[in-house]
2 protein chains.
Amino acid sequence: MAGNYTKDEKRFLKRLGLAIKDRRVEQGLSQEKLAELTGLHRTYVGSVERGERNISALNIKSLADALECQASNFFRATE
Amino acid sequence: MAGNYTKDEKRFLKRLGLAIKDRRVEQGLSQEKLAELTGLHRTYVGSVERGERNISALNIKSLADALECQASNFFRATE
């Protein structure tokens, strides 16, 4: 787990990552395809989905756009 | 404007920052007070509100917690 995050922060990032992964699977996309659509590296997409990245707002927006949903949906899944 | 962002990215960050500022003002907090509550630097809070920062998920969460609202609200304001 990159970065030294508190337990709450880890839980938050894991939920955020899981929401992204769930949507990707729902859309029938592989991590490779999502990486291609967003211009992000595949290993980065994988680490975001595992909750290992304190992902930026613009990367969240890119993933939401590629997954044809609203970025706020990912955050709602953490609330 | 830090970072070389596209026009869409700048618009997105500006809307995100404005949503955070609106909520701060609604809560009657100064930037100093919000910085104190979140442990973020006051100048950083100002630059986020002006849309100059590609803010991280955890910082968005800290601001939402300090402003007693859901982080998804900030993103909904950009949608």
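**Reading the interface of chain A and chain B**

Visitor: How many residues of chain A are in contact with chain B?

Guide: Contact means heavy atoms within 4.5 Å. In this predicted model, 18 residues of chain A are in contact with 18 residues of chain B. Local features need pLDDT of at least 70, side-chain atom pairs count only at pLDDT 80 or more, and totals for chains, interfaces and linings use all residues. Side-chain values use heavy atoms, without hydrogens and water.

Visitor: What area is buried between the chains?

Guide: The size of an interface is often given as the accessible area lost when the parts come together. Here the buried area (accessible area, 1.4 Å probe, lost on putting two parts together and summed over both) is about 1600 Å², with 69% from carbon and sulfur atoms. On the chain A side, A:A57, A:L58 and A:F75 lose the most area to chain B, together 35% of what that side buries.

Visitor: How many salt bridges does the rule find across the interface?

Guide: A salt bridge is a side-chain nitrogen of Lys or Arg within 4 Å of a carboxyl oxygen of Asp or Glu. The rule finds 0 between chain A and chain B.

Visitor: Which classes make up the side of chain A that touches chain B?

Guide: Ala, Val, Leu, Ile, Met, Phe, Trp, Tyr, Cys and Pro count as nonpolar, Asp, Glu, Lys and Arg as charged, and the others, Gly among them, as polar. That side of chain A has 10 nonpolar, 4 polar and 4 charged residues. By contrast of topic, the lining of the largest pocket has 2 nonpolar, 2 polar and 6 charged residues.

Key: Residues numbered from 1 in each chain as written. Chains lettered and ligands numbered in written order.
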